[in-house]
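Student: I would like to learn how to read a model of this kind, feature by feature. Where should we begin?

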Amino acid sequence: MVFFFSKRAESNKKDIPKDDYDEVVKLFKRCDVNKDGNLSWEEVKAGFRKLQSRFPLYRTHRAFQIADENHDGFINVDDELDKLVTYALQCYPRDIKFRLI
């Protein structure tokens with residue numbers, strides 16, 4: 001049987017350019033509109049919309065499967081943001097600069 005999606009994304013931070021990583025971190029931190037240190041479903045979806053995702057609802061669903069380790073419905077900016085950013089950069093590996101314009 002072939003599995004198209006794994007539960008956890010492989011984190012190869014050495015393959016990710018540092019400036020791209022930092023830009024996406026800033027983008028998702030800006031999406032935390034209530035400044036509580038947790039990204040809600042709507043805040044993450046807004047981040048994927050800012051990345052011009054064609055499927056922001058799907059991307060948000062997958063992001064929560066990957067990054068929300070304690071399953072509380074929020075992505076903690078201090079602990080779980082790394083997995084969210086890595087997933088976002090895996091979705092758009094070459095054109096992140098173009099999407100952030």
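**Reading the model**

Tutor: Begin with helix H4, which is mostly covered: 8 of its 11 residues are buried. The model is a predicted one.

Student: Which residues of H4 are buried?

Tutor: They are Leu81, Leu84, Val85, Thr86, Tyr87, Ala88, Leu89 and Cys91. As a general idea, an α-helix has 3.6 residues a turn, so residues three or four places apart point the same way. In H4 the buried set includes Leu81, Leu84, Val85 and Ala88.

Student: How much can I trust the coordinates?

Tutor: Where pLDDT is low, the predicted coordinates should not be read in detail. Here the chain has a mean pLDDT of 85, with 79% of its residues at 70 or more. Confidence is highest in H3, at 97, and lowest in helix H5 (residues 96-99), at a mean of 66.

Student: How many residues does the largest nonpolar core have, and which have the most contacts inside it?

Tutor: That core has 24 residues, and the most contacts inside it belong to Phe28, Leu39, Val44, Phe48, Leu81, Leu84 and Val85. At least two core residues come from each of helix H1 (18-30), helix H2 (41-50), helix H3 (56-67) and helix H4 (81-91). H4 gives the most, with 7 residues.

Student: Take one residue from that list. Why is Leu81 counted as buried?

Tutor: Buried means under 20% relative accessible area. Leu81 has 5%, so Leu81 is buried. Leu81 lies in H4, and beyond four places in sequence its contacts are Val25, Phe28, Lys29, Leu39, Ile75 and Asn76.

Student: What does Val44 touch?

Tutor: Not counting residues up to four places away in sequence, Val44 touches Phe28, Leu39, Thr60, Ala63, Phe64, Ile75 and Leu84. Val44 is one of the buried residues of H2, along with Glu43, Lys45, Gly47 and Phe48. What the buried residues of H2 pack against is H1, strand S1 (38-39), H3, S2 and H4. After H2 comes Gln52, with a positive phi near 60 degrees.

Student: How many disulfides does the structure hold?

Tutor: A disulfide is a covalent bond between the sulfur atoms of two cysteines. This structure holds 0 disulfides. Cys31 is buried, with a relative accessible area of 3%, and Cys91 also counts as buried, at 18%.

Student: Which residues does the UniProt domain annotation cover?

Tutor: An annotation comes from a record and is read alongside the coordinates. The unreviewed UniProt entry places "domain: EF-hand" over residues 19-54. In the model, that stretch is 61% helix and 6% strand, and its end C-alpha atoms are 23 Å apart.

Notes
Residues are numbered from 1 along each chain as its sequence is written. This is a predicted model: local features need pLDDT of at least 70, side-chain atom pairs count only at pLDDT 80 or more; totals for chains, interfaces and linings use all residues. Side-chain values use heavy atoms; hydrogens and water are left out. A nonpolar core is a set of buried Ala, Val, Leu, Ile, Met, Phe, Trp, Tyr and Cys residues joined through side-chain atoms within 4.5 Å. Buried means under 20% relative accessible area, exposed over 50%, partly exposed in between (1.4 Å probe, protein chains only). Helices (H or I, at least four residues) and strands (E, at least two) are DSSP runs, numbered from the N terminus. Contact means heavy atoms within 4.5 Å. UniProt positions are given in the numbering used here, feature names are shortened, and annotations may be inferred rather than shown by experiment. pLDDT is the predictor's confidence in each residue, from 0 to 100. A disulfide is a pair of cysteine sulfur atoms within 2.5 Å.
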